[in-house]
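Thanks for coming, everyone. Please look at the sequence and the structure first. Then I will walk you through a few places.

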Amino acid sequence: MEPESGLPPPRNPSQLSWPNLSRNLLLAYQSLGVVYGDLSTSPLYVYSSAFSGRLDEKESEETILGAFSLIFWTLTLIPLLKYIFIVLSADDNGGTFALYSLLCRHAKFSLLPNQQAADEELSTYKYGNAVHAVGSSPFKRFLEKHKKLRTVLLVVVLFGACMVIGDGVLTPAISVLSSVSGLQVTENKLTDGELLILACVILVGLFALQHFGTHKVAVMFAPIIIIWLISIFAVGLYNVIHWNPKVISAISPLYIIKYFRETGKTGWISLGGLLLCITGTEAMFADLGHFTALSIRLAFTFFVYPCLVVQYMGQAAYLSKNLDKIPNSFYDSIPEPVFWPVFVVATLSAIVGSQAIITATFSIVKQCHSLGCFPRVKDTTLIGNAYGLACMTVMFITTFLMALIIIFVWYKSIFLAGAFLLFFLAIEGVYLSAAFIKVPQGGWVPLVLSSVFMVVMYIWHYGTRKKYNFDLHNKVSLRWLLGLGPSLGIVRVPGIGLIYSELATGVPAIFSHFVTNLPAFHKVLVFVCVKSVPVPYVSPEERFLIGRVCPRPYRMYRCIVRYGYKDVQRDDGDFENQLIQSIAEFIQMEAEEPQFSSSESSLDGRMAVISTRNVESNTNLIISVQEEDIGSSSSIQSSKSLTLQSLQSVFDEDNPVRRRQVRFQLPSDPGMDPAVREELMDLIQAKEAGIAYIMGHSYVKARRSSSFVKRFMIDILYSFLRKNCRGPSVALNIPHISLIEVGMIYYV
């Protein structure tokens, strides 16, 4: 079960720019509990992680102030400058895949084979003026021409997504373990074993909450983070005033030079711990689909950023006068009268920060159809090494993709993109190199996880693309269908047959395979293609594309159902009714508009967008709706077969379902075209007779002439993934009792 995010429902990007400042302030408030839970809890472990290892031999007031200067400028350049002011401007609802989809819409980088011109008419497909002189640039043509380069780009994006998964695996462990470590500075200290048991109990409880969904506790998230940020701001300000007000001068980048002059190579290695101050930054971009760019900017710039800077400054002020307190710097720096309140808020904040990344990770894992596990490690330092490597790798990839966005989406100079790339890669490259040094000390965890996930995702993509190409090259000839006549040379039985296929054009091979084995088909046939398009959301008004396959007497139609990469496919029970209504509206539209009557469109041509927001909306059919206690097998309830009716009654007794029963009738319009009336009547009668879902049960195998690598990928790995993933019928919420599966072998 996928956890519910508890966030506001997805919004059409055209509705995201509110002039009302109060609305953005409300969204900024809501974002605090979702976006910044991870970033705001970083002060729990940054200094202790940075000064572990050999750097403890270099502990002095100068190194402490230098470490703070590094933290300050890292927070300023990466989260504030790069993400808040630059990356958030690439508004495509956030995330690594969002940047990739934005690139694919402005250049032919996508490897998805079923894209159509009609998809580019979606209201969310493009932003701004996509027709630009850069479209003919040699650099763009070079990248579009070479498929290997586009494959490399996809692999980079997949690796970034896999690192986000690794981030999600590591976040709960380091956040919770760091928060409860405060019990080791109290009078009744807990042993390491007791601390680990307590952290495990909290983590088990945290993951147990996923079953209920985060929406039930979402109202608590923002207040907890607000209290936490105010608390650490106050503690930090107190420490600056009480211990060392001169720490403010460490904002100068000169202290960074002094830091590396004093620490040398060990200072460079310590960057792997200092970079933990920006973990969670990617969430500002990844969660953009639930908030506005302005709301996220307001929350970070005027609240989160100042609180974090003052807290890190306060810790540095305390540690500069108490060098022996570095291992538990955060809790030791808290004044004793407020220790326990801050400890409780810290633990709650760690849970909130963990919850946000867990929800996002579950969503990614669900989309990728993959499974994973987390190796056992010893303590906070080792987890921090792994955590920092995962976060910095994601940022590194985001910088690379943003350089391409600057060229192909914003249409800026390649020199400007190069300057952006070099500036941030120079900063992040230093951190990343330091993080790689710690691969043996726990940094190997996200690399192993990401490698496994990336192999899984790439093999799934490769096998799916090969399967689609097989379908594409083995389509049924329309000339052959036309030669058979309207009866198709078989018995046309009452009812509607929904033939599911990945093809957006043409008749799939499953059709001829079915007819060959069972020479009978339904009177009305609808070829259904459920496809993803490279946009975050598709509005309900634009979700359905309806067209005709073959001339009118054949009663064959095509329906393309389009979803964005952030859309959630819900089983609302109205798909069949929406489909019938859409086809009926298309039939009448075709009769009224001459362009649909051309010989080309009558075969397999132009399609129309049919709005299906409400089944009772304006239509040419009379609709009656009533609530009935029926079973999921309602598609055969009108059958004349006594055997089927008997099975129906038994099934309904065991599986009672309360469902909307929708019936269609033709209006008494004497002016309606007789041919249109006849076709609509056939459609209604077929609906009453029942609907069957026809899908291919495919077995994908590599050709005998294929290389060993390809046979291993297809016959072993891809076959294993298909067997252990949800079937298409489950993913599409198809009622099992109405499902007909046709076995086919795909030699790719």
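Start with Cys 550, which sits in the loop between β3 (544-548) and β4 (556-563). Strands here are DSSP runs of E, at least two residues, and helices are runs of H or I, at least four residues, numbered from the N terminus. A word on the source: this is a predicted model, where local features need pLDDT of at least 70, side-chain atom pairs count only at pLDDT 80 or more, and totals for chains, interfaces and linings use all residues. Residues are numbered from 1 along each chain as its sequence is written, and side-chain values use heavy atoms, with hydrogens and water left out.

Cys 550 is not a glycine, yet its phi is positive, about 75°. Is Cys 550 buried or exposed? Buried, with a relative accessible area of 1%. Buried means under 20% relative accessible area, exposed means over 50%, and partly exposed is in between (1.4 Å probe, protein chains only).

Arg 555 is also in the loop between β3 and β4. Its phi is positive too, about 55°, and Arg 555 is not a glycine either. Arg 555 counts as buried, at 9% relative accessibility.

Which residues does Glu 679 contact, leaving aside its neighbours within four places in sequence? They are Arg 548, Arg 552, Arg 555, Tyr 557 and Ile 587. Contact means heavy atoms within 4.5 Å. Glu 679 belongs to helix α24 (residues 674-689). At 1% relative accessibility, Glu 679 is buried.

Now strand β3 itself. Phe 544 lies in it. Phe 544 is buried, at 2% relative accessible area. Phe 544 and Ile 560 are 16 residues apart in sequence, but their C-alpha atoms are 5.8 Å apart in space.

Next, helix α20, residues 509-517. Its buried residues are Ala 509, Ile 510, Phe 511, Phe 514 and Val 515. What covers them? The cover includes α19 (478-484), β1 (491-500), β2 (520-532), β8 (691-701) and β9 (739-747).

On to α17, residues 414-437. Its 24 residues should span 34 Å at 1.5 Å a residue, and the end C-alpha atoms are 33 Å apart, which agrees. The expected span is 1.5 Å times one less than the number of residues. There is still a kink of about 30°, centred on Leu 425. That bend is the angle between axes fitted to the seven residues ending at a residue and the seven starting there. At the N-terminal end, Ser 413 is the cap: one of its side-chain oxygens lies 3.0 Å from the backbone nitrogen of Phe 415. Buried residues of α17 include Phe 420, Phe 424, Ile 427 and Glu 428.

Now the cores. In soluble globular proteins, nonpolar side chains tend to be buried together. A nonpolar core here is a set of buried Ala, Val, Leu, Ile, Met, Phe, Trp, Tyr and Cys residues joined through side-chain atoms within 4.5 Å. The largest has 120 residues, and Tyr 36 and Leu 274 touch the most other members. Helix α13 (residues 293-321) gives the largest share of this core, 16 residues. A second, separate core has 34 residues, among them Val 524, Tyr 557, Tyr 563 and Ile 583.

Finally, the whole chain. How many helices and strands does the chain have? There are 26 helices and nine strands. Of the 748 residues, 54% are buried.

Key. A polar contact is a pair of N or O atoms within 3.5 Å; within protein, one must be able to donate a hydrogen and the other to accept it, and residues adjacent in sequence count only if both atoms are side-chain atoms.
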